[in-house]
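Please keep the viewer open as you read.

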Amino acid sequence: MEILLVDDEIELTEPLGRVLRREGYKVQVAHDGETGYELAANSQFDLLILDWMMPGLSGLDMCRQLREQHLTTPVLFLTAKDTLDDRVDGLDAGADDYLVKPFELRELLARVRALLRRPPIREETQITTLQYQDLILDSANQIARRGGGILPERIIELSEKEAQILGYLMQYPDQLLTHQQIYDAVWGTSGQPSSNALAAQMRLLRRKVEHYGEVTLIHTVYGKGYRFGSPSEPV
């Protein structure tokens, strides 16, 4: 397994690189976003570990540009940012997980192992087209459409993870899906993200799917999970 580590803090990259190599990984290191981007775009890595804030090209922008080039390599952010808005921004850019500085090496290694062994999405979740009321999902192309009646139809571009989550929700309308069920269906049992990643993904998905004047379809069942479908009394 080969890892690209991009961080402008040499005092972090040197010991972290040694630890990862000691665990059996091949590690390349870059100390700025521009160099990291060139390496990631032109070589094959199994995992990218990116610092969020770097001079020049930030890790956030680097991740976003790589996703625009359809690079699907898992991305783990190292960041001092930990608000929900920050997590949403990172996930929106295409990150798979994040770790807040300062962090414990044991936790970083656990997250690295989880991302590297993450299984592909199971066939049963790969349904090409789903529809619920005025929302149509084309999961193969990561596009949804909504509207077409009183409201004009609009195109919704989705990240891979957003399309997977929405597809899973739409397969079970009006049913409570627990956090664990969604983790297992979308991330796989061996590669679950950090505890706040699902909440950030849902917030981002709602921002895209539910505009002003449209019926709310994704509902939080507090302490349990989420329900997709028409509004009803809170569970």
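## A cis proline and its neighbour

Pro102 sits in the loop between strand 5 and helix 5; helices (H or I, at least four residues) and strands (E, at least two) are DSSP runs, numbered from the N terminus. The peptide bond that joins Lys101 and Pro102 is cis, with omega about -10°.

Lys101 also has a partner through its side chain: a salt bridge with Asp7 (3.1 Å, N to O). Here a salt bridge means a side-chain nitrogen of Lys or Arg within 4 Å of a carboxyl oxygen of Asp or Glu. The two residues are 94 apart and the pair links distant parts of the chain, with Asp7 in the loop between strand 1 (2–6) and helix 1 (10–22). Side chains of opposite charge can pair when their charged atoms come close. The structure holds 11 salt bridges.

## How the model is read

Residues are numbered from 1 along each chain as its sequence is written, and side-chain values use heavy atoms, with hydrogens and water left out. As this is a predicted model, local features need pLDDT of at least 70 and side-chain atom pairs count only at pLDDT 80 or more, while totals for chains, interfaces and linings use all residues.

## Two domains

The protein chain splits into domain 1 (2–116) and domain 2 (129–228), with bounds from an automatic or database domain assignment. Their centres, taken over C-alpha atoms, are 26 Å apart. An unreviewed UniProt entry carries the annotation "domain: Response regulatory" over residues 2–116; such annotations may be inferred rather than shown by experiment. Over that stretch the chain is 48% helix and 21% strand, and the end C-alpha atoms lie 10 Å apart.

Gln133 has a positive phi, near 50°, in a residue other than glycine, and is placed in the loop between strand 6 (129–132) and strand 7 (135–138).

## Where the domains meet

What is the area buried between domain 1 and domain 2? The value is about 1,100 Å², of which carbon and sulfur atoms give 54%; buried area is the accessible area (1.4 Å probe) that two parts lose on being put together, summed over both. On the domain 1 side, Val88, Leu91 and Asp92 lose the most area to domain 2, together 39% of what that side buries.

Helix 4 (84–93), strand 5 (97–100) and helix 5 (105–116) each supply at least two residues of the domain 1 side. Helix 4 gives the most, with six residues.
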